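Visitor: I am new to this structure and would like a close look at one part of it. Please start with the model itself, and then I will ask about a single residue.

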Amino acid sequence: MRTKFLIILSVLLICASGCKLDDDFNPINCTEQFVFGINVTLIDATTSNKIITGVTLSIKDGDYEEILMTHDSIDSFWGAGERPGNYIITVTSNDYQTYVSDPIQVLSDECHVITEIVEITLQPN
């Protein structure tokens, strides 16, 4: 009886510590890293240069919509942070033709989403 109590107590402590358990009640140690589900790189069809300014890039999954952002030191756009789903990517710009993707499926494992890396070539106007 005491052994059964210790096993249950151990499982509760593992769960309280932020770890997950697999189907066999083995602990899964997840990182505290925040993972984005979509990473989009935009390419100019004429110059083959990466595009990071002058565009609006949005993703939509049902009622959820997000405008993707980039950072000065990063030449791609990131979004769908820790959010699995089926996303349509839309790129609009005064300088390029509007682009609408087929659905991009973002899956997840026990801990985080699995990043989908997408490269889109934009046609200048």
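By relative accessibility, what does D75 count as, and at what percentage? Please also go through its surroundings.

Guide: D75 counts as partly exposed, because its relative accessibility is 36%. On this scale, buried means under 20% relative accessible area, exposed means over 50%, and partly exposed lies in between (1.4 Å probe, protein chains only).

A word on what you are looking at. This is a predicted model, in which local features need pLDDT of at least 70 and side-chain atom pairs count only at pLDDT 80 or more, while totals for chains, interfaces and linings use all residues. Residues are numbered from 1 along each chain as its sequence is written, and side-chain values use heavy atoms, with hydrogens and water left out.

The overall layout comes next. In order from the N terminus, the elements run α-β-β-β-β-β-β-β-β-β-β-β. The protein has 125 residues, and 29% of them are buried. A contact here is a pair of heavy atoms within 4.5 Å. Of the contacts between residues at least 6 apart in sequence, 57% join residues at least 24 apart.

Now back to D75. Its side chain forms a salt bridge with the side chain of K50, at 3.0 Å from N to O. The term stands for a side-chain nitrogen of Lys or Arg within 4 Å of a carboxyl oxygen of Asp or Glu. The pair K50 and D75 links distant parts of the chain: K50 belongs to strand β4 (residues 50-51), D75 to the loop between β6 and β7 (77-81), and the two are 25 residues apart. K50 also counts as partly exposed, since its relative accessibility is 46%.

Another residue touches both partners. T41 is in contact with K50 and D75, and also with S76, V118, E119 and I120, leaving aside its neighbours within four places in sequence. T41 sits in strand β3 (residues 36-44). With a relative accessible area of 12%, T41 is buried, whereas D75 is partly exposed.

D61 is buried, because its relative accessible area is 19%. R83 counts as partly exposed at 25% relative accessibility.

Strands pair if DSSP finds at least two bridges between them. Strand β5 (residues 56-61) runs antiparallel to strand β8 (residues 85-92), and five bridges join them. S58 has T90 as its bridge partner in β8. Strand β5 is also joined to strand β6 (residues 64-67), again antiparallel, by four bridges. There, the bridge partner of I59 is E66 in β6. The hairpin of β5 and β6 has two residues between the strands, and in this hairpin G62 takes a positive phi near 65°. As a general point, side chains in a regular strand alternate between the two faces of the sheet.

Two loop residues complete the tour. S101 is in the loop between β9 and β10 (104-106). S101 counts as buried, because its relative accessibility is 8%. Apart from neighbours within four places in sequence, the contacts of S101 are with Y87, I88 and I89. Y87 is buried as well, at 0% relative accessibility. S101 and V91 are ten residues apart in sequence, and their C-alpha atoms are 8.8 Å apart in space.

D95 is in the loop between β8 and β9 (99-100). D95 counts as partly exposed at 47% relative accessibility. Its contacts, setting aside neighbours within four places in sequence, are with P124 and N125. D95 and V55 are 40 residues apart in sequence, with 8.1 Å between them in space, C-alpha to C-alpha.
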